[in-house]
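Hello,

Here is the model I promised to send you. Could you open it alongside this email and read the notes with the structure on screen?

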Amino acid sequence: MNSDYTFLEAIHLIINFYTSPKGYFIDEDFEYPEVRKFIDAGCASLGEEHKEKYLLNEKGASILHPYIEEISSKFIQFMERKQNTATIKETENWFSKQYSLDSETSREICNYICLNLPTYGYTVILSQPNIGGDFYRIEKCNR
């Protein structure tokens, strides 16, 4: 894992380079200083189709992937301790406490990690029971 970025910084980068709308416009004021550092380090390039937008490149993906892998692994362990089922609120609270995130960032990284779990052999099911609120359930998927 690249020690140039904290988990909080990496999470901001993951959210902004992997979720829609992906990347940053050239003239955009970067909300987080790590974005400028990441771009200046050559981890994002101007897009081929959208030349006014910085998009994640191979170097950037290779830096962020270990963070995604680690976060996913910890999330799977959390879900296994909960018998593979947790309410959305519990899940977002776990991300918030684990990585010192505000509620919006917790929700965003939770959504990304859940959508990406098939990469690590798990399917995530969003269930809506009559009582108790919405919850996530993870199951091993057949590869």
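**Helix contacts and a few backbone details**

In helix α4, T91, E92, F95 and S96 meet S106, R107, I109, C110 and I113 of α5, where contact means heavy atoms within 4.5 Å. By class, this contact of α4 with α5 has four nonpolar, three polar and two charged residues. In that count, Ala, Val, Leu, Ile, Met, Phe, Trp, Tyr, Cys and Pro are nonpolar, Asp, Glu, Lys and Arg are charged, and the others, Gly among them, are polar.

Before going on, please note that this is a predicted model, in which local features need pLDDT of at least 70 and side-chain atom pairs count only at pLDDT 80 or more, while totals for chains, interfaces and linings use all residues. Residues are numbered from 1 along each chain as its sequence is written, and side-chain values use heavy atoms, with hydrogens and water left out. Helices (H or I, at least four residues) and strands (E, at least two) are DSSP runs, numbered from the N terminus.

**How the helices cross**

Two packed helices are described by the angle between their axes and the distance between the axes. The axes here are lines fitted to C-alpha atoms, for helices over the stretch in contact, and the angles run from 0 to 180 degrees between N-to-C directions.

Helix α4 (residues 88-99) packs on α5 at an angle of about 110°, and their axes are 9 Å apart. That makes α4 roughly perpendicular to α5; angles under 35 degrees count as roughly parallel, over 145 as roughly antiparallel, 65 to 115 as roughly perpendicular and the rest as oblique. S106, which lies in helix α5, counts as buried at 1% relative accessibility. Buried means under 20% relative accessible area, exposed over 50%, and partly exposed in between (1.4 Å probe, protein chains only). Leaving aside residues up to four places away in sequence, S106 touches E92, F95, S96 and L101.

Helix α5 (residues 103-116) also meets α3: their axes come within 10 Å and cross at roughly 85°. α3 and α5 are therefore roughly perpendicular to each other. I68, I71, S72 and F75 of α3 make this contact with Y112, I113, C114 and N116 of α5. The contact of α3 with α5 has six nonpolar, two polar and no charged residues.

At the other end of the numbering, helix α1 (residues 7-18) and helix α2 (residues 33-40) pack at about 75°, with their axes 9 Å apart. That makes α1 roughly perpendicular to α2. On the α1 side the contact is made by E9, H12, L13 and F17, and on the α2 side by E34, V35, K37 and F38. The residues of this contact of α1 with α2 divide into four nonpolar, one polar and three charged.

**Inside α1 and α3**

The expected span of a helix is 1.5 Å times one less than its number of residues. For the twelve residues of α1 that should give 16 Å, and its end C-alpha atoms are 15 Å apart, which agrees. The 24 residues of helix α3 (residues 58-81) should span 34 Å, and its end C-alpha atoms are 34 Å apart, which also agrees. Even so, α3 has a kink of about 30° at L64, shortly before the proline P66. The bend at a residue is the angle between axes fitted to the seven residues ending there and the seven starting there.

The buried residues of α3 include I63, L64, Y67, I68 and I71. In α1, A10, I11, H12, L13, I14, I15 and F17 are buried. A10 has a relative accessible area of 0% and, not counting residues up to four places away in sequence, touches L64 and Y67. A10 and I63 are 53 residues apart in sequence and 8.9 Å apart in space, C-alpha to C-alpha.

**Backbone points to look at**

Most residues other than glycine have a negative phi, and most peptide bonds are trans. A cis peptide bond joins S20 and P21, with omega about -5°; P21 lies in the loop between α1 and β1 (24-25).

Q83, in the loop between α3 and β4 (85-87), has a positive phi near 60° and counts as exposed at 62% relative accessibility. S100, in the loop between α4 and α5, has a positive phi near 55° and counts as exposed at 61% relative accessibility.

Best wishes
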